[in-house]
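Here is a short briefing on one protein chain. Look at the structure first, then work through the points below.

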Amino acid sequence: MNGAGRPFALASSLLGGAARVAVGVLWLLEGILKYRAGFGAADIELVARSTAGNSRTPWWFAPLGGAMDSAAGLFGVVIPALETLLGALLLVGLMTRPVALASIGTLMLYWASDQLIAQYPVMVLLSALVLVLPAAGRFGVDGWWRRRRNASRRNPD
């Protein structure tokens, strides 16, 4: 890398890393809040039933809403676990870009079910920033793994 590109690369890494950590913390807080509040099947049933006949819910959400209603117990366990996992993976910088994409997808599904929480738009923007800045995982497990792999290629001892 030439000298002129280094400051941009460092700034990109720092900005992406900060966005990654911030959205990771927000996801962890969401998951922990659900665990502490006893989130479960009743909450999923409430969401699933509130989407039926809701004009703000897109037509394509109906099958997912039906699945949520019929497997509320499973979704009641999976949703807090998913949120906690997204947060943990983003915090440590493991599989950064795929997890950022999963974060956006999860938030879009929440919006489709008319569950708009104040921090969700911020979380989407932070996740998108992590997704578009390839160096967002540089100061995490992804970056460590990449440096280790590159070092072993240079020194195949």
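**A residue between two helices**

Asp114 sits in the loop between α5 and α6 (120–132). The model is predicted, and the phi of Asp114 in it is near 65°, a positive value in a residue other than glycine.

- Met95 is found in the loop between α4 and α5.
- Met95 is not a glycine, yet its phi is positive, at about 55°.
- The relative accessibility of Met95 is 45%, so Met95 counts as partly exposed.
- Leu94 also has its place in the loop between α4 (72–92) and α5 (96–112).
- Leu94 is partly exposed, because its relative accessible area is 33%.
- Leu94 and Ala136 are 42 residues apart along the chain, and 10 Å separates their C-alpha atoms.

**The whole chain**

- The protein chain has seven helices and zero strands.
- Its pattern along the sequence reads α-α-α-α-α-α-α.
- The C-alpha trace spans about 60 × 30 × 25 Å along its principal axes.
- How does the radius of gyration of the protein chain compare with that of a compact globule of 157 residues? The protein chain has 19 Å, whereas such a globule would have a value near 15 Å.
- Of the 157 residues, 36% count as buried.

**Salt bridges**

- Side chains of opposite charge can pair when their charged atoms come close.
- How many salt bridges does a search of the whole structure find? The search finds four.
- One of them joins Glu30 and Lys34, with the closest N and O atoms 3.4 Å apart.
- Glu30 and Lys34 are four residues apart in helix α1 (residues 5–37), so about one helical turn separates them.
- Glu30 and Lys34 are both buried.
- Lys34 also meets the side chain of Glu83 in a salt bridge, at 3.2 Å from N to O.
- Glu83 lies in helix α4 and Lys34 in helix α1, so this pair ties together parts that are 49 residues apart in sequence.
- Glu83 is buried, as is Lys34.
- Which residues are linked in a network of salt bridges? They are Glu30, Lys34 and Glu83.

- Asp69 forms a salt bridge with Arg49, and their closest N and O atoms are 3.2 Å apart.
- Asp69 lies in helix α3 (residues 62–70) and Arg49 in helix α2 (residues 41–51), so the pair ties together parts that are 20 residues apart in sequence.
- Asp69 counts as partly exposed, because its relative accessibility is 29%.
- Arg49 counts as exposed, because its relative accessibility is 53% and the exposed class starts over 50%.

**A charged patch on the surface**

- Which residues form a positive surface patch? They are Arg138, Arg146, Arg147, Arg149 and Arg153.
- Arg146 lies in helix α7 (residues 141–154).
- Arg146 has a relative accessible area of 37%, so Arg146 is partly exposed.

Terms used:
Residues numbered from 1 in each chain as written. Predicted model: local features only at pLDDT ≥ 70, side-chain atom pairs only at ≥ 80, totals over all residues. Heavy atoms only, no water. Patch = residues over 30% accessible without salt bridge, like charges linked within 9 Å, V, L, I, M, F, W, Y side chains within 5 Å. Areas by Shrake-Rupley, 256 points an atom, 1.4 Å probe, with all protein chains shown as cover. Lys, Arg positive; Asp, Glu negative; His and termini not counted. Charge placed at Lys NZ, Arg CZ, Asp CG, Glu CD. Buried < 20%, exposed > 50% of the residue type's maximum accessible area, 1.4 Å probe, protein only. Rg over C-alpha atoms; globule rule 2.2 N^0.38 Å.
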